[in-house]
Amino acid sequence: MTMKKLIALLLAVLMVAALAACGAEPPKTTEPAAQEQTDPTKTTEPEVTDPAPAEEVFSFTYEGVELVPGAAFDPAQLPEADSVFEVPSCAIEGTDNVYSYPVLELTAYNDGTGEVIYSIYLTDANTPTEEGLYVGDDLARVTELYGTDYTENGSELIYTKGKTCLSLILNDGAVISMEYRMAT
């Protein structure tokens, strides 16, 4: 593959990722539930319940820190980023911060209380997903690791877990892009 074609392919992948982010809706906030009034003359035994199972999500661990789209992000937990820049946000009003690290690009937005991870884009072809998928793997390997329960959007396969998703872009039957992000 010539250098020109490689650059064109990388630019196309970045454009698809940017367009995918622009189609996202901002996260919704919910009001706290009203408290139920109780009768002080009634006595009841406390109800014993099993703790709620944790919602399944896609995540990526970098430098020992689990990164989850939609979760709070503290840049101080990771080594200093190679670069940080602001970009106009497609998901919320305002800007996003894009943190570049050696193997990933993390995009975060400010929800008013702090930064929240919007997406984690793996930029190093030698860095696998948590489940062991690499850039260059074929569709058979994708379905071996993740199954066939995905949404297809052109050349993009989207696997969803809870409020997160894993976006895989394939070209000529091979994975060329891997991104974790908030589900829309």
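Is Y62 buried or exposed, and what is its relative accessible area? Y62 is buried, at a relative accessible area of 8%, where buried stands for under 20%, exposed for over 50% and partly exposed for values in between (1.4 Å probe, protein chains only). The structure is a predicted model, in which local features need pLDDT of at least 70 and side-chain atom pairs count only at pLDDT 80 or more, while totals for chains, interfaces and linings use all residues. Residues are numbered from 1 along each chain as its sequence is written, and side-chain values use heavy atoms, with hydrogens and water left out.

Aromatic rings of Phe, Tyr and Trp (its six-membered ring) were paired if their centres lie within 6.5 Å, with planes under 30 degrees apart counted as stacked, over 60 as edge-to-face and the rest as tilted. In one of them, the ring centres of F58 and Y180 are 6.4 Å apart and the planes stand at 50°, so the pair is tilted. F58 lies in the loop between α1 (3-22) and β1 (60-62), and Y180, 122 residues away, in strand β10 (residues 174-182); helices (H or I, at least four residues) and strands (E, at least two) are DSSP runs, numbered from the N terminus. Both F58 and Y180 are buried.

Y62 and Y101 form a tilted pair, with 5.5 Å between centres and 55° between planes. Y62 belongs to strand β1, whereas Y101 is in the loop between β4 (95-100) and β5 (104-110), 39 residues apart. Y101 is buried at 5% relative accessibility.

Ring pairs join F58, F60, Y146, Y150, Y159 and Y180 into a cluster.
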